[in-house]
Amino acid sequence: MEGGVNDPAPIPEPSPTHGSYHWVFERAMSAALIPLTIAPFAAGTLNPVMDAVLCAGIIIHSHIGFQSVIIDYVPDKRLPKTRAMFWWALRAATVVVAVGFFEFETNDVGLTEAIKRIWTAKRKEMASVEPVLQGVA
């Protein structure tokens, strides 16, 4: 600790690029998800490269979003252990989701094919699911 109680807090050296790379990457990732959401359906749902890129984009976008929530709402100075716990929980959740996407992509139909099947499901097929859903509600 330097100085006394009444001394002003040190002001960091200003930098025009501090934080801007992170901000630009966040916005670029968000903007990239728009065509990435449409491209697999345009290229065909059985394109594993497009599926993998879409899954990676979703994982990165979600991780950055939750990281921002932790930074904004869990103060480091007041709750250092809680913040560390949230960081590790975020990392663990990101790994679990990544493994889940990998398993779904390699051992099942894939993300875009599953979305396509849900989107084009006939009313008759959905009618068999409705009683189950009503019992849950």
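Student: Is the crossing of α1 and α2 left-handed or right-handed?
Tutor: The crossing of α1 and α2 is left-handed, a term used if the near helix is turned anticlockwise from the far one by less than a right angle, with clockwise giving right-handed. This is a predicted model, in which local features need pLDDT of at least 70, side-chain atom pairs count only at pLDDT 80 or more, and totals for chains, interfaces and linings use all residues. Residues are numbered from 1 along each chain as its sequence is written, and side-chain values use heavy atoms, without hydrogens and water.
Student: Why is α2 called roughly antiparallel to α3?
Tutor: The axes of α2 (residues 48-73) and α3 (residues 80-107) come within 10 Å and cross at roughly 165 degrees. Since angles over 145 degrees count as roughly antiparallel, α2 is therefore roughly antiparallel to α3.
Student: Which residues make that contact?
Tutor: With contact meaning heavy atoms within 4.5 Å, the residues include Ile-58, Phe-66 and Ile-70 of α2, and Phe-86, Trp-87 and Leu-90 of α3.
Student: What makes Arg-91 count as sitting over the ring of Trp-88?
Tutor: The charged end of Arg-91 is 4.6 Å from the centre of that ring, and the criterion asks for NZ of Lys or CZ of Arg within 6 Å of the ring centre and within 35 degrees of the ring normal.

Terms used: Axes are lines fitted to C-alpha atoms, for helices over the stretch in contact, and angles run from 0 to 180 degrees between N-to-C directions. Helices (H or I, at least four residues) and strands (E, at least two) are DSSP runs, numbered from the N terminus. Angles under 35 degrees count as roughly parallel, over 145 as roughly antiparallel, 65 to 115 as roughly perpendicular and the rest as oblique.
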